[in-house]
Amino acid sequence: MSWVCKRQYVTRKPRAGKESCPRFQGRLFGLILLSLAVLVATGFPTRAEIVVTDIAGRKVTIAAPAKRILLEMPNHYFALSLLSRDAENIVIGVGGTTNDGFSETYGSLADTPRLGWTNTQTFSIESALALKPDLLIANLGSQKQSATVEAAFLKAGVPVIYVDFFVEPITNIEASIGIIGDAIGEKKRAEEFIDFYRERVRRVANRLEAAKPDPPALLLIAHRVNEKCCWSWARWGMLKYFDMLHVTNIADAALPGFVGQLGIEYVIGSNPEIVVTGDYSMGPNSLFDNPRTVAHGLTVLEELANEPGLRDLTATRNRRIHGMDAYLMHSPLNILALEVFAKWIHPKLFADLDPQATLDEINDRFLSSPLKGPFWVSLDAGESPSGGRP
């Protein structure tokens with residue numbers, strides 16, 4: 001009994017029609033107990049559960065916003081860093097091996113425990129669960145290979161969500177950002193980035209739809225060329241934006257799948273007007289070296305332009321030889337790749353488009369650790385040579 005209530009009870013009689021304080025307290029306590037009983041009986045949650053439907057169509061329940069997260073693939077880190085200022089601390093483990101190269105978009109994952117790859121069946125379930133995660137973010141493209149991992153995690157009570165920045169990014173990138181935002185309690189921030197992303201895609205698409213330019217021929221290759229010529233990609237990932245971009249990828253007619261080698265005779269016969277080399281690697285053999293520099297990228301492009309079979313192409317004669325960090329194409333950064341491709345493919349139509357300004361806005365509005373680059377480079381004197389630092 002409180003001091004106020006005790007004093008009133010001792011010194012004053014209850015007024016007519018009023019109950020004494022002890023009786024009132026007892027009745028109030030009973031009402032509270034009854035209310036709690038009703039809430040429990042009607043399924044009132046005892047903690048803030050989050051229910052998301054992932055890209056695989058699975059309904060997944062997360063007990064609370066995830067704070068100890070495993071990434072099946074390192075390139076999911078960038079999506080997470082857009083939505084959480086604390087991404088470096090909430091990622092406690094990541095797929096891959098310790099000798100993998102790191103793109104700048106991986107952030108500070110070099111010291112984060114590496115768990116192996118699901119697609120080679122080297123992902124260590126035991127090591128992953130020993131880190132006591134509360135969520136695994138997995139890649140839709142490796143869902144079949146991840147089946148054993150998924151089953152083990154669900155048995156351990158750790159939710160798994162599938163997202164996609166690789167297989168069908170045109171369809172799935174916005175939904176994937178929304179799913180991650182929900183899972184970590186950053187729904188509003190996810191909506192803000194989705195609006196930003198959607199507006200950038202729309203302004204490119206609207207201009208192309210109005211102009212309907214003739215499609216030039218483009219060759220997309222890995223930057224190291226051998227006597228058989230070039231590894232290339234077709235109808236894959238963000239390359240499905242090529243229809244919207246009004247460009248013909250010469251690999252589409254030559255490759256039965258999404259990746260393969262093009263013969264030098266085919267490349268010469270196709271005579272592409274634009275050549276783009278995409279690079280995944282880091283270090284001395286990469287497009288930008290480590291640390292990254294534009295100068296190294298320009299040297300690599302000059303070497304490519306002098307390769308036998310490539311030196312006489314229309315693209316080479318016109319200096320329309322370009323290079324891009326391929327990781328731009330497998331994350332929400334593909335909006336930068338879209339803008340860069342638009343300028344390379346239709347330079348007059350998009351003379352005023354500034355991908356560097358888009359990168360600057362992403363850094364200012366969404367990232368606590370700004371990306372420096374460079375992420376693209378060009379031999380075309382009319383183009384801005386790079387994205388990021390020189």
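Cys229 counts as buried, because its relative accessibility is 1%. This is a predicted model. Cys229 forms a disulfide with Cys230.

**Disulfide**
- A search of the whole structure finds one disulfide.
- The sulfur atoms of Cys229 and Cys230 lie 2.0 Å apart.
- The angle about the S-S bond is -40°, and the link is left-handed.
- Cys230 is buried too: its relative accessible area is 0%, and the cut-off for buried is under 20%.

**Strands β5 and β6**
- Strand β5 spans residues 135-139 and pairs with β6 in the parallel sense.
- Four bridges join β5 and β6.
- Ile137 has Ile161 of β6 as its bridge partner.

**Side chains of β6**
- Strand β6 covers residues 160-163.
- Val160 and Tyr162 point one way from β6.
- Ile161 and Val163 point the other way.
- Val160, Ile161, Tyr162 and Val163 are all buried.

**Surface patch**
- Trp231, Phe258 and Val259 form a nonpolar patch on the surface.
- Together these residues have about 290 Å² of accessible area.
- Trp231 sits in strand β8, residues 230-233.
- Trp231 counts as partly exposed because its relative accessible area is 44%, which falls between the cut-offs of 20% and 50%.

Notes. Residues numbered from 1 in each chain as written. Predicted model: local features only at pLDDT ≥ 70, side-chain atom pairs only at ≥ 80, totals over all residues. Heavy atoms only, no water. Buried < 20%, exposed > 50% of the residue type's maximum accessible area, 1.4 Å probe, protein only. Helix = DSSP H or I, 4+ residues; strand = E, 2+ residues; numbered from the N terminus. Pairing = 2+ DSSP bridges. Patch = residues over 30% accessible without salt bridge, like charges linked within 9 Å, V, L, I, M, F, W, Y side chains within 5 Å. Areas by Shrake-Rupley, 256 points an atom, 1.4 Å probe, with all protein chains shown as cover. Salt bridge = Lys/Arg side-chain N within 4 Å of Asp/Glu carboxyl O. Disulfide = S-S within 2.5 Å.
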